[in-house]
Amino acid sequence: GLLRQGYPLYPTDIDYAVRILSADSRARLGDIFLDTICVSARKKRIAPKSLAQKNYIDAIRDNDVVFGIGPAGTGKTYLAMAMAVSFLLKKEVARIVLVRPAVEAGERLGFLPGDIAEKINPYLRPLYDALFDMMEYEKGQELIEKGIIEVAPLAFMRGRTLNDAFVILDEAQNTTIEQMKMFLTRLGFGSRAVITGDITQIDLPVARNSGLIDATRVLHGTDGICFTHFTDRDVVRHPIVQAIVQAYQRSSSAAEQRQSSASDSRKTNDQ
């Protein structure tokens, strides 16, 4: 059915189809694989590869604020970028704003060499990479120079109101509670936001709580806000990435069980 409808079937798609049907035998593969968002610079179809990805792009279409939470390689940022470019091309928004916290892996901007642009660029590089996979490099550069597409660190959002914009906050697990609240209250009329993050890869100092984790608690059930959760079954990078994610999850679960057993043992001894 997919081939007859013009879908270019790749070997990896067989694996994705097996994963989808093993999770839900009633899933309609055509509804997922043929839900094309836009066409990238290399004429490659950009479409969901899992049930969670399909739910994610549907949520972005239907809600003002969407959170995509899950491990690396699940397409959270890539699909959000595809939707942003699609909205811009269809003139449903006037601009795209791409945002990232500029504190990761223990590094702070003040300790990095160079001027402010040179310091910021390494943190924003993944957003540029995704953007230039959606459109020709020259076109992307032109839109950036005109301010139609803006890539900026989260700190630069303070005090602004973003009207008629598609805003993506990437690596949101590295926001503080205050930063997350600040970001979410930047949205103006005609705007929508997608917030992506992996709560297992938080690089904040131990004493600081993640704004992403806090937002899932505070905003759960709020009208117009949707949370989409991804798992290792949704990983669409090299197959080894899925194996790596699963291995770390097993290790984390085993460590939690050991801590729980040790705690129970101490309580028993105290009695």
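## Basis of the description

A residue is termed buried when its relative accessible area is under 20%, exposed when it is over 50%, and partly exposed in between (1.4 Å probe, protein chains only). By this rule R160 is partly exposed, because its relative accessible area is 24%.

The structure is a predicted model, in which local features need pLDDT of at least 70 and side-chain atom pairs count only at pLDDT 80 or more, while totals for chains, interfaces and linings use all residues. Residues are numbered from 1 along each chain as its sequence is written, and side-chain values use heavy atoms, with hydrogens and water left out. Helices (H or I, at least four residues) and strands (E, at least two) are DSSP runs, numbered from the N terminus.

## Helices α3 and α4

Helix α3 covers residues 51-62, and helix α4 covers residues 76-89. The expected span of a helix is 1.5 Å times one less than its number of residues. For the 12 residues of α3 this gives 16 Å, and the end C-alpha atoms are 16 Å apart, in agreement.

Helix α4 is mostly covered, with 12 of its 14 residues buried. These buried residues are K76, T77, L79, A80, M81, A82, M83, A84, V85, S86, F87 and L88. In α3, the buried positions are A52, Q53, K54, Y56, I57, A59 and I60. An α-helix has 3.6 residues a turn, so residues three or four places apart point the same way. Beyond the end of α4 comes K91, which has a positive phi near 60°.

## Salt bridges

A salt bridge is counted where a side-chain nitrogen of Lys or Arg lies within 4 Å of a carboxyl oxygen of Asp or Glu. The count by this rule is 10 salt bridges. One of them joins D170 to R100, with the closest N and O atoms 2.9 Å apart. D170 belongs to the loop between β6 (165-169) and α7, whereas R100 is in strand β4 (residues 95-100), so the pair ties together parts that are 70 residues apart in sequence. Both partners are covered: D170 counts as buried because its relative accessibility is 4%, and R100 counts as buried at 7%.

A salt bridge is also formed by R160 and E150, whose closest N and O atoms are 2.7 Å apart. This pair links distant parts of the chain, since R160 lies in the loop between β5 (149-153) and β6 and E150 in strand β5, 10 residues apart. E150 counts as partly exposed at 21% relative accessibility. K90 is exposed, with a relative accessible area of 51%, and E92 is partly exposed at 40%.

## A buried arginine without a salt bridge

R186 is located in the loop between α7 (177-184) and β7 (192-197). Although buried, R186 has no salt bridge, and the nearest side chain of opposite charge, E150, is 12 Å away. In this assignment Lys and Arg count as positive and Asp and Glu as negative, while His and the chain ends are not counted. A polar atom of the R186 side chain lies 2.7 Å from the backbone oxygen of M182.

## Loop residues around β6

The loop between β5 and β6 contains F156 and D164. F156 counts as partly exposed at 45% relative accessibility. F156 and V99 are 57 residues apart in sequence, yet their C-alpha atoms are 8.9 Å apart in space. D164 counts as partly exposed at 32% relative accessibility.

Most residues other than glycine have a negative phi, and most peptide bonds are trans. D164, which is not a glycine, has a positive phi near 50°. E171, in the loop between β6 and α7, likewise is not a glycine and has a positive phi of about 55°.

## A nonpolar surface patch

I199, I202 and I213 make a nonpolar surface patch of about 230 Å². Patches consist of residues with over 30% relative accessible area and no salt bridge, with like charges joined within 9 Å and nonpolar side chains (Val, Leu, Ile, Met, Phe, Trp, Tyr) within 5 Å. Accessible areas come from the Shrake-Rupley method with a 1.4 Å probe; for residues, only the protein chains shown count as cover. I213 is placed in helix α8 (residues 211-218) and counts as partly exposed at 40% relative accessibility.

Methods
Polar contact = N/O pair within 3.5 Å; in protein donor to acceptor, adjacent residues only side chain to side chain.
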